[in-house]
Amino acid sequence: MKQTTNSILMIRPISFRMNEQTAVNNYYQKVLDGLTPDTVNAKAQEEFDAFVKKLRAVGVDVTVVEDTLTPDTPDSIFPNNWISFHENGDVILYPMFAENRRAERREDILDILEEKGFVINEIMDYSQAEQDGIYLEGTGSLLLDRENGKAYCALSPRADEELFIEFCEDYDMQPVIFEAYQTVGGERKLIYHTNVMMCIGDTFAVVCADAIDDKSERKMVLDSLRGDDKEVILITEDQVNNFAGNMLEVKGADDRRYLVMSSSAYHALTKKQIAQLEEHITILHSSLDTIEACGGGSARCMMAEIFLPKE
């Protein structure tokens with residue numbers, strides 16, 4: 001199984017704004033005072049377009065799908081939470097915590113991918129779990145080490161343990177389960193998505209070990225990564241707040257590997273961390289300030305990796 005793909009799906013926003021339904025447990029979202037919703041969306045579109053341009057410039061195959069005005073989906077820019085695409089031709093649909101995010105699931109996106117020559121064999125749909133108040137938000141909640149057959153999951157209101165274990169059984173993956181926290185107003189609160197505090201590349205992993213309060217869980221996660229010969233690069237909680245954990249490795253032209261992140265994430269890293277990463281990979285960053293502030297997500301959340309076979 002490949003860990004990295006050249007093909008990604010991105011959804012261009014049309015009514016992007018701070019989603020009040022996700023703000024209840026996404027503590028990274030902020031209200032941008034003095035900006036009209038139209039201005040916020042226009043800024044998000046500018047950041048999105050510049051980001052796509054940078055990815056395409058290095059040879060990443062980006063499929064951009066325009067969002068629609070109805071239904072109202074302020075977070076559609078983060079497709080990796082509701083869908084994932086796999087090498088065996090499976091497409092997986094996930095149960096979403098916020099009601100207004102459930103409308104992001106669009107069948108026409110699968111038609112667009114098939115028109116591009118991607119092969120879809122089966123659709124695995126876990127989304128019915130929403131009816132029971134059970135959620136597992138795609139590769140936001142699941143960090144897949146495809147090559148080593150492992151799935152990492154920081155449990156939260158958006159990542160249910162039983163459903164995660166069911167996913168691992170269905171896809172023959174070894175579950176690595178833990179809890180990750182951030183300090184909010186002096187209290188330790190669960191981090192809403194695993195991919196905010198952790199990133200797994202081919203030969204390295206970026207992780208905020210300080211977020212894993214339980215020492216035995218922290219040791220288990222680090223041992224698991226190092227046991228798979230990954231160099232572990234540790235980041236701080238302050239760096240996580242600047243989205244330095246929200247990165248994704250992709251392939252560009254000639255299979256060259258890029259670690260994609262936002263400019264705020266890049267500027268939060270130390271020279272030493274950048275040097276450690278550059279031993280493994282080329283860094284590519286783009287400014288996503290508006291998207292990060294209003295959406296509480298960053299570069300990784302915007303990219304749904306496509307591992308589907310081609311015709």
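This is a predicted model: local features need pLDDT of at least 70, side-chain atom pairs count only at pLDDT 80 or more; totals for chains, interfaces and linings use all residues.
**Notebook: exposed loops and buried polar residues**

I began with Asp 172, which counts as exposed at 69% relative accessibility. The classes I applied are buried for under 20% relative accessible area, exposed for over 50% and partly exposed in between, with a 1.4 Å probe and protein chains only.

Conventions. Residues are numbered from 1 along each chain as its sequence is written, and side-chain values use heavy atoms, with hydrogens and water left out.

Entry 1, two aspartates in loops. I located Asp 172 in the loop between helix 4 (161-170) and strand 8 (174-178). Helices (H or I, at least four residues) and strands (E, at least two) are DSSP runs, numbered from the N terminus. The phi of Asp 172 is near 55°, a positive value in a residue other than glycine. Most residues other than glycine have a negative phi. I then looked up Asp 254, in the loop between strand 14 (248-251) and strand 15 (257-262). Its phi is also positive, near 55°, and Asp 254 counts as exposed at 80% relative accessibility.

I listed its contacts (heavy atoms within 4.5 Å). Neighbours within four places in sequence aside, Asp 67 touches Ile 11, Arg 12, Pro 13, Ile 14, Thr 73, Ser 76 and Arg 106. With Ser 76 there is a polar contact between the side chains at 2.7 Å. I took a polar contact as a pair of N or O atoms within 3.5 Å; within protein, one must be able to donate a hydrogen and the other to accept it, and residues adjacent in sequence count only if both atoms are side-chain atoms. From C-alpha to C-alpha, Asp 67 and Ser 15 are 8.3 Å apart in space and 52 residues apart in sequence.

Ser 7 belongs to strand 1 (residues 7-12) and counts as buried at 9% relative accessibility. Which side chain does Ser 7 join in a polar contact of 3.3 Å? The partner is the side chain of Asp 61. Beyond four places in sequence, the contacts of Ser 7 are Asp 61, Phe 118, Ala 304, Glu 305 and Ile 306. Ser 262 lies in strand 15 and is buried at 0% relative accessibility. Its side chain reaches the backbone nitrogen of Ala 265 at 3.1 Å. Among the contacts of Ser 262 beyond four places in sequence, I noted Asn 242, Phe 243, His 285 and Glu 292.

I recorded nine helices and 17 strands. The C-alpha trace spans about 50 × 45 × 45 Å along its principal axes. Buried residues account for 58% of the 311. Of the contacts between residues at least 6 apart in sequence, 75% join residues at least 24 apart.
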